[in-house]
Amino acid sequence: MELFLQTLVNGTLIGGLYAIIGIGMTLIMGVMGIINLAHGQIMMIAMYITWVLWQFLGIDPLLSLFISIPLVYVLGDLMARYLLYPLMEKESILPENQVLMTVGIGMVLVELARTIFTSDYRSVQTSYSDIVWRLGHISLSVPVVIDFFIAIAFTGAMFWFLIKTDIGRSIRATAQDKEAAILMGVSAKKITILTFALGSSLTAAAGTLFLPIYYLYPDVGPIFTLKAFVITILGGLGSTVGAIAGGLVLGIAETFGATYISMGYRDAFGLIIFLLVLIFMPGGLKSLTKV
Amino acid sequence: MLKLENVNMSYGDIQVLWDVSFEVKEAEILVLVGANGAGKSSTLKTISGLQRVRSGKIIFNGEDITQLPAEEVITRGIVHVPEGRRLFNEMTVEENLVMGSLNGESKKLRSQTMEECYELFPRLLERRKQLAGTLSGGEQQMLAVARGLMAKPKLLMLDEPSLGLAPVLVQDIFDIVKSVNKQGITVLLVEQNVQSTLTFCDRAYVLENGKIGISGTGKELLNNEHVKTAYLGI
Ligand SMILES: Nc1ncnc2c1ncn2[C@@H]1O[C@H](COP(=O)(O)OP(=O)(O)O)[C@@H](O)[C@H]1O
Ligand SMILES: [Mg+2]
């Protein structure tokens, strides 16, 4: 029972980080109608930024959030403005071509990282990395708990932004009916670029938070793209609330698999859940609630 | 107020508007009638910038708006309430109204205009926290019109607001159109509901296969032989 609870807690904490990756992906999917297959690679860039800041300047990962997020925001803005949006403007070009473009972007980012940083495994060891809190029989790793609460804060801020501001409402409106949004005076171009940059920033936040608890190497990118994809499908494609549920489910499933079956197949359990969902619940978790 | 001069428009290779020219005058209710597929919606989309002209000009209050991006047309005071309502279904009534007032003056006047809309449509006030997608057809149409009014239009373009509504509700919508017009808002109304619209409009044009046919006052058209046989079934 203790092991079960411990596993549940660990899974939930990781799931919080997965949730912000998934929300980023979901926002992009909603507005642009595409799956961003460079999502994990963008996260990897944020991880390398964080690692460099730590390695060469000694900046704590929590502080480098203030650097990695803006940098990746700008990167996302440029990618959307010059690589993705131009494909969107031409009606003759199918949305598939934008997806292919994200695949290309993803490959370039991985090889760029390999060239600059080699394939070596990197990690960050902070002063609080190994501190553990004990809560009864359950132990909580301090950096993971901190990350979880920061992830919740980002999620809350994002929801506030989407619900309470005109720009946030415009993002939701564009996702629901782009043409109607344009008639309201929303610039589809501005909103598309903004959404891609914001979605990238969210995943950048996750990357920076993940670094102290995860090894970093260039191929982390594709692994997390796949996870983001799984989370989004679990969440029912395009639902931000669903993405949170999807993130938690993936985090918990992976942790249970790793604990009870085998550590080495951690990443495989998420995929198994993914396949099961595709086969038995093609609408994602959302189809359970019928909304 | 609004002038179209020899507008030609096509979707890809298929031309749907042929040398369309007409004028909307300040403070009137102008109706564009025509059969299904005549090009009424296409005309409105061209005015609001969703579709680009192949040739011709669109002039609004002296300004050439032919090449103006769609998202800027609304800032000039032209508001297009599209066919099929096109609400943001997963947003509340109130959020839909807010979305109508994103720009300039309309944003400053947002809460005041919203109260006016609720006065005009008490049903929407009752349902302000409800998702637009859960409203009845009539309520959705009212919301679509109200969302348009939130933008403080000078020219309100309504595309078949009566579509799919029960006859009683159709009358309600037309009454609203009239009262909106009384407040000084010019109305360009697109309708297939020829009989009733011709009775209350100021002027009307008939659009046939993408070309402007007969025009005149509502009364004139009601008595026109061609209109009688083709649209009124008399
Ligand atoms: N997006 C589109 N792509 C291609 N053809 C279209 C499109 N929208 C409308 N059409 C065609 O243009 C013509 C005019 O349509 P429309 O303007 O919707 O007519 P109306 O509103 O009078 O019923 C029709 O023949 C229709 O099939
Ligand atoms: Mg039409």
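The model is predicted; local features need pLDDT of at least 70, side-chain atom pairs count only at pLDDT 80 or more, and totals for chains, interfaces and linings use all residues. Residues are numbered from 1 along each chain as its sequence is written, chains are lettered from A and ligands numbered from 1 in the order in which they are written, and side-chain values use heavy atoms, without hydrogens and water.

**Layout**
- Domain 1 of chain B spans 2-77 + 153-232, and domain 2 spans 87-152; the bounds come from an automatic or database domain assignment.
- Their centres, taken over C-alpha atoms, lie 23 Å apart.
- Contact (heavy atoms within 4.5 Å) involves 15 residues of domain 1 and twelve of domain 2.

**Buried area**
- The two domains of chain B bury about 1100 Å² between them, 79% of it from carbon and sulfur atoms.
- Buried area is the accessible area (1.4 Å probe) that two parts lose on being put together, summed over both.
- B:Ile74, B:Pro153 and B:Ile176 supply 38% of what domain 1 buries against domain 2, more than any other three residues.

**Domain 1 side**
- Strand S7 (155-159) and helix H8 (167-182) of chain B are the elements giving two or more residues to this side; helices (H or I, at least four residues) and strands (E, at least two) are DSSP runs, numbered from the N terminus.
- H8(B) gives the largest share, five residues.
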